Amino acid sequence: MHPSSRGSAREWGLDHFGTLAQLLHEAGHRVFITGTAADGEMLRPWLTAHAAALTADLTGQLSLPQLLAFIHAADGLVAASTGPLHLAAALGRQALGIYPPLRPTDPGRWAPLGPHAEYLVFDRPNCTDCRAQPAACTCIRAIQPAQVLARISGWQPLASPAS
């Protein structure tokens with residue numbers, strides 16, 4: 001999971017990512033968190049609170065080539081519309097983006113592209129109520145962690161990437 005966009009995309013919310021981490025852990029998945037060193041500092045209380053559900057905190061630990069290699073080796077990635085989401089999609093990994101129905105940040109323009117890329121967006125025509133208060137976007141927050149888990153549970157295993 002890549003829970004922070006550093007302001008480049010609408011955020012789903014750390015509480016939702018925390019619930020998803022717990023649900024994934026309970027379903028037997030290994031959960032890794034990626035992000036920059038600054039993300040790691042910002043996420044520190046959240047990472048501590050969810051440590052039991054997380055396999056590893058990789059924030060600030062990976063160079064760009066290492067992040068690419070990690071994503072390539074992972075089964076999938078969940079994030080907002082961020083660089084890592086698009087890298088996962090381009091690398092042919094499972095990539096699940098979480099988007100608001102708000103132009104120009106909606107998946108109509110920014111959906112991840114790749115053979116195993118997909119997205120979730122709240123079914124509401126253009127999230128105009130949230131335009132004035134991006135931090136309190138009710139449309140993106142309407143996507144529930146159980147919906148994300150259900151989508152991940154439907155992923156078919158991919159062949160292991162070639163070394």
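Gln 94 sits in strand E4, which covers residues 94–99. Strands here are DSSP runs of E with at least two residues, helices are runs of H or I with at least four, and both are numbered from the N terminus. This is a predicted model, in which local features need pLDDT of at least 70, side-chain atom pairs count only at pLDDT 80 or more, and totals for chains, interfaces and linings use all residues. Residues are numbered from 1 along each chain as its sequence is written, and side-chain values use heavy atoms, with hydrogens and water left out.

Is Gln 94 buried or exposed? Gln 94 is buried, because its relative accessible area is 6%; buried means under 20%, exposed over 50%, and partly exposed in between, with a 1.4 Å probe and protein chains only. Its side chain reaches the backbone oxygen of Gln 156 at 2.9 Å. Apart from neighbours within four places in sequence, Gln 94 is in contact with Asp 75, Gly 76, Leu 77, Ala 88, His 116, Trp 155, Gln 156 and Leu 158. Contact means heavy atoms within 4.5 Å.

Asp 75 and Gly 76 are among the residues nearest the centre of the largest pocket, together with His 29, Arg 30 and Ala 74. A pocket is defined on a 1 Å grid over the protein atoms alone, as an open set of points where a 1.4 Å probe fits, with protein on both sides within 12 Å along at least five of seven lines; lining residues have an atom within 4 Å of a point. The volume of the largest pocket is about 590 Å³, counted as the space filled by probe spheres set on the points, which are joined across faces, edges and corners.

Which elements supply at least two residues each to this lining? They are helix H3 (64–73) and strand E3 (76–79). The lining has 21 residues, and by class these are 14 nonpolar, 5 polar and 2 charged. Nonpolar covers Ala, Val, Leu, Ile, Met, Phe, Trp, Tyr, Cys and Pro, charged covers Asp, Glu, Lys and Arg, and the others, Gly among them, are polar.

The second largest pocket has a volume of about 180 Å³. It is lined by 18 residues, with His 2, Gly 35, Thr 36, Asp 39 and Pro 84 closest to its centre. Helix H2 (37–49) and helix H4 (83–90) each give two or more residues to that lining. Its classes are 5 nonpolar, 11 polar and 2 charged.

The whole structure has 3 of them, each a side-chain nitrogen of Lys or Arg within 4 Å of a carboxyl oxygen of Asp or Glu. Arg 44 and Glu 41 pair at 3.7 Å, N to O, and both lie in helix H2, 3 residues apart, about one turn of the helix. Arg 44 is partly exposed at 33%, while Glu 41 is exposed at 57%.

Asp 57 also meets Arg 44, at 3.0 Å, N to O. That pair links distant parts of the chain, 13 residues apart, with Asp 57 in strand E2 (residues 56–57) and Arg 44 in helix H2.

Finally, Arg 151 and Glu 118 form a salt bridge with their closest N and O atoms 2.8 Å apart. Arg 151 is in helix H7 (residues 145–153) and Glu 118 in strand E5 (residues 117–121), so this pair ties together parts 33 residues apart in sequence. Shared partners join Glu 41, Arg 44 and Asp 57 into one network of salt bridges.

Conventions: Polar contact = N/O pair within 3.5 Å; in protein donor to acceptor, adjacent residues only side chain to side chain.
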